[in-house]
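Here is a note for a colleague who is opening this structure for the first time. The points below are numbered and can be read beside the picture.

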Amino acid sequence: MQRTKAAGEEVTKLLTPAKLAEHLDVSTGTLANWRSAGTGPKYVRLAGVVRYRVDAVEKCIANGDAPRWP
């Protein structure tokens, strides 16, 4: 996962559900189920499109807040 800098600030890269699913080795349907259940990594909606912040994904995994995945 990657972070970039813009105008002297750290900007967190946003992941699509497809990219995150690939990274976690789960399906995009699993991510949708987690969103529906209120579990899994926190996400944002930008113009109705779901994106995951890299730092939120890392925090979820580090804190053990992530649902169990295969």
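1. Among contacts in the protein (heavy atoms within 4.5 Å) between residues at least 6 apart in sequence, 45% join residues at least 24 apart. This is a predicted model, in which local features need pLDDT of at least 70 and side-chain atom pairs count only at pLDDT 80 or more, while totals for chains, interfaces and linings use all residues. Residues are numbered from 1 along each chain as its sequence is written, and side-chain values use heavy atoms, with hydrogens and water left out.

2. The protein has three helices and five strands, where helices (H or I, at least four residues) and strands (E, at least two) are DSSP runs numbered from the N terminus. Along the sequence they follow the pattern β-β-β-α-α-β-β-α. Of the 70 residues, 27% are buried, which is to say under 20% relative accessible area, with exposed meaning over 50% and partly exposed in between (1.4 Å probe, protein chains only).

3. Three strands form an open sheet in the order β3-β5-β4, with antiparallel pairing; two strands pair if DSSP finds at least two bridges between them. Because β3 (14–15) and β4 (43–46) stand at the edges with a single partner strand each, one side of each is left without a neighbour in the sheet. The antiparallel pairing of β3 with β5 (residues 49–53) runs over two bridges, and leucine 14 stands opposite arginine 53 in β5.

4. Helix α1 lies across β3 and β5, running at about 45° to β5. The axes of α1 (residues 17–24) and α2 (residues 28–37) come within 8 Å and cross at roughly 105°, the axes being lines fitted to C-alpha atoms, for helices over the stretch in contact, with angles from 0 to 180 degrees between N-to-C directions. That makes α1 roughly perpendicular to α2, a term for angles of 65 to 115 degrees.

5. Which residues of α1 meet α2? They are Pro17, Ala18, Leu20, Ala21 and Leu24, and on the α2 side stand Thr28, Leu31, Trp34 and Arg35.

6. Two residues deserve a second look for their backbone angles. Most residues other than glycine have a negative phi. Aspartate 25, in the loop between α1 and α2, has a positive phi near 60°, and its relative accessibility of 64% counts as exposed. Alanine 47, in the loop between β4 and β5, has a positive phi near 55° and is exposed, with a relative accessible area of 85%.

Notes: Angles under 35 degrees count as roughly parallel, over 145 as roughly antiparallel, 65 to 115 as roughly perpendicular and the rest as oblique.
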